Amino acid sequence: MKNRESSFLAQPFVSVIIPVFNDTKRLKSCLLALDRQTYLKEFYEVIVIDNASNEAIGDVVNEFGQVKATYESVPGSYKARNKGISLAKGEILAFTDSDCIPDPDWIEKGVKHLLSTSNCGLVAGKIDLFFQNPDRPTSVEIYESICLNFPQKEKLEELHYGMTANIFTFRCVFDNVGYFDSTLKSGGDRQWGQRVFAAGYEQVYADDVCVKHPARHSFLQLRKRIARLTGGKFDRMMSENPSLIDIAIDILETFKPPFRSLYHAWTNQELKSTQQKLQLILVMFFTRYIIILEKIRLYLGGISARG
């Protein structure tokens, strides 16, 4: 009994924050994984923020005793995450997405790294992509694994941020540097992480703090992601009041032929066959087509997509 009580005292309370939009099936898998954590259940909660879904998210949430549901009507995952932060009880905040599957020791390892690093602002964990059928990946899955994977370590070391599919931080860090920019549909994690870095906090990559993330496998899923990422970059650029020269450069970059990317695709050692290389190149042309259409739409006054 004494050992159990002492372990309680050693564990800070953690709030896991998950925004969700029309993703009931994968949300259930995520919540099942969080229900099986090695961290003591008395010391963590899970907050699911329904971001105006058309599905009955509450039916899934109600299956899990320590999961709380709330609602955010304004579209945008960062707006939803901010709602979760405002309701969280934990001194430690953990973020993942509804389509992710955290490892059983995800919370335990994330807290350990956070507490063992002096002046820690955030811990960014590993994000492992997986395919529906590992033996027969689709063209889109191949593209995702090569071009749109989740290189957390590189992002942290080079750009000073971690992706919100897998980060841990202290509530006091948000108190000091502010919440996510709720006007952004994409890239809010980058902006916030760079504010954390600029404030002088340490940032840590942890390979053993792992979640699994499904690769998008269809062109429709990829189109939505590309549109969201393109809109996020566009919104960030426009928020900085770009000059006409900046806008002209952006337009030229959009229409520039992707010769370098095609060369890297053809010479990529991870691809096992000529067929996979051709599949990747096909999807690269598809994504360039979507980016061009999306940029034209945005420059003509369209609103960035939520994904």
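Buried means under 20% relative accessible area, exposed means over 50%, and partly exposed lies in between, with a 1.4 Å probe and protein chains only. Strands (E, at least two residues) and helices (H or I, at least four) are DSSP runs, numbered from the N terminus. The model is a predicted one, in which local features need pLDDT of at least 70 and side-chain atom pairs count only at pLDDT 80 or more, whereas totals for chains, interfaces and linings use all residues. Residues are numbered from 1 along each chain as its sequence is written, and side-chain values use heavy atoms, with hydrogens and water left out.

In a regular strand the side chains alternate between the two faces of the sheet. Strand β7 covers residues 166-170, and because five of its five residues are buried, the strand is largely enclosed by the rest of the structure.

Which strands pair with β7? Strand β4 (residues 92-96) is joined to β7 by five bridges, and the two run antiparallel. Two strands pair if DSSP finds at least two bridges between them. In this pairing, I92 stands opposite F170 of β7. Strand β6 (residues 120-130) also pairs with β7 in the antiparallel sense, over two bridges. Here A124 has I167 in β7 as its bridge partner.

A buried residue is also found in a helix. G84 lies in helix α4, which spans residues 77-87. Because its relative accessibility is 0%, G84 counts as buried. When residues up to four places away in sequence are not counted, G84 touches I17, I47 and I49, where contact means heavy atoms within 4.5 Å. G84 and L32 are 52 residues apart along the chain, and 19 Å separates their C-alpha atoms.

One further helix may complete the description. Helix α13 (residues 274-299) has 26 residues and reaches 38 Å from its first C-alpha to its last, close to the 38 Å expected at 1.5 Å a residue. The expected span is 1.5 Å times one less than the number of residues in the helix. After α13 comes G301, whose phi is positive, near 105°.
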